[in-house]
Amino acid sequence: MSFLEQFERRLGRSDMIQLLTLFLVVLALVTLARWANPLSRVNEAWFSVSQTRVILLALIALGYGGVYALRPRSVQRSTGLAVLMFALVSTPFEVAAYAASYPSVPLSWALLLPLVDTVAFYGIGLGLGWFLGRVRSRSLLPLAIPGLLIGMIALDIRLGVNLLNPMTASVNPAWQHAGIMVAIASLTTVLLALGPESGASR
């Protein structure tokens, strides 16, 4: 089976379709709820939409990475690309909210950061799933995934520097965060592209 066939098959699975639908519905509800806020004189929808979008993308990427960490490399690649589609198809919500809110954050940052973070968190999820598999504790995955993300956010708050928190970075550009995420995303891409097909097992 070719990579494109695997990707199409992965994207067409019921779990992916249902989660993508739920993801877009949540973004639509957040957009509508924040678009015409009677308590605000200006439209600040983008801030809520951007933060909601990036945190959901991080959770989705971590989840799929963790679940598929012990699967064959070809499956990890097709799943990773399918997860990236979540970021791509939700871009119109970001663009529409951005155009209405006129934030000081550069549009390039708002468009590129979610893509980079999605790939990076997918790679982190793969690492988390692999580690839990090595210590025979994969049953902890449902707790470890949100726990890891909460831990990252708490660490940044404690340090007072935005290194790993995607929510803060989405609306307040932090080049430290961008550098770390680009490095992780690049490493993830290289390992998925060049890693051995049998590098993971069921």
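**Exercise 1. Locate Arg-10, state whether Arg-10 is buried or exposed, and identify its side-chain partner.**

Step 1. Arg-10 belongs to helix α1, residues 3-11. Helices are DSSP runs of H or I with at least four residues, strands are runs of E with at least two, and both are numbered from the N terminus. The model is predicted: local features need pLDDT of at least 70, side-chain atom pairs count only at pLDDT 80 or more, and totals for chains, interfaces and linings use all residues. Residues are numbered from 1 along each chain as its sequence is written, and side-chain values use heavy atoms, with hydrogens and water left out.

Step 2. With a relative accessible area of 4%, Arg-10 is buried. Here buried means under 20% relative accessible area, exposed over 50%, and partly exposed in between (1.4 Å probe, protein chains only).

Step 3. The side chains of Arg-10 and Asp-15 are joined by a polar contact of 2.7 Å. A polar contact is a pair of N or O atoms within 3.5 Å; within protein, one must be able to donate a hydrogen and the other to accept it, and residues adjacent in sequence count only if both atoms are side-chain atoms.

Step 4. Neighbours within four places in sequence aside, the residues in contact with Arg-10 include Tyr-64, Tyr-68 and Ala-82. Contact means heavy atoms within 4.5 Å.

**Exercise 2. Determine how many salt bridges a search of the whole structure finds, and describe them.**

Step 1. The search finds three salt bridges, each defined as a side-chain nitrogen of Lys or Arg within 4 Å of a carboxyl oxygen of Asp or Glu.

Step 2. Asp-15 pairs with Arg-10, with the closest N and O atoms 2.7 Å apart. Asp-15 also forms a salt bridge with Arg-13, at 3.5 Å from N to O. Asp-15 is partly exposed, at 27% relative accessibility, and Arg-13 is partly exposed as well, at 45%.

Step 3. Arg-53 and Glu-94 form a salt bridge at 2.7 Å, N to O. This pair links distant parts of the chain, 41 residues apart: Arg-53 lies in helix α3 and Glu-94 in helix α5 (residues 91-101). Arg-53 is buried at 1% relative accessibility, and Glu-94 is buried with a relative accessible area of 1%.

Step 4. Through shared partners, salt bridges join Arg-10, Arg-13 and Asp-15 into one network.

**Exercise 3. Describe the largest nonpolar core and the elements that contribute to it.**

Step 1. The largest nonpolar core has 36 residues; among those with the most contacts inside it are Phe-23, Phe-86 and Leu-149. Such a core is a set of buried Ala, Val, Leu, Ile, Met, Phe, Trp, Tyr and Cys residues joined through side-chain atoms within 4.5 Å.

Step 2. Two or more residues of this core come from each of α2 (14-35), α3 (45-67), α4 (73-89), α6, α7 and α9 (175-194).

Step 3. Apart from this core lies another, of 13 residues, including Trp-46 and Tyr-98.
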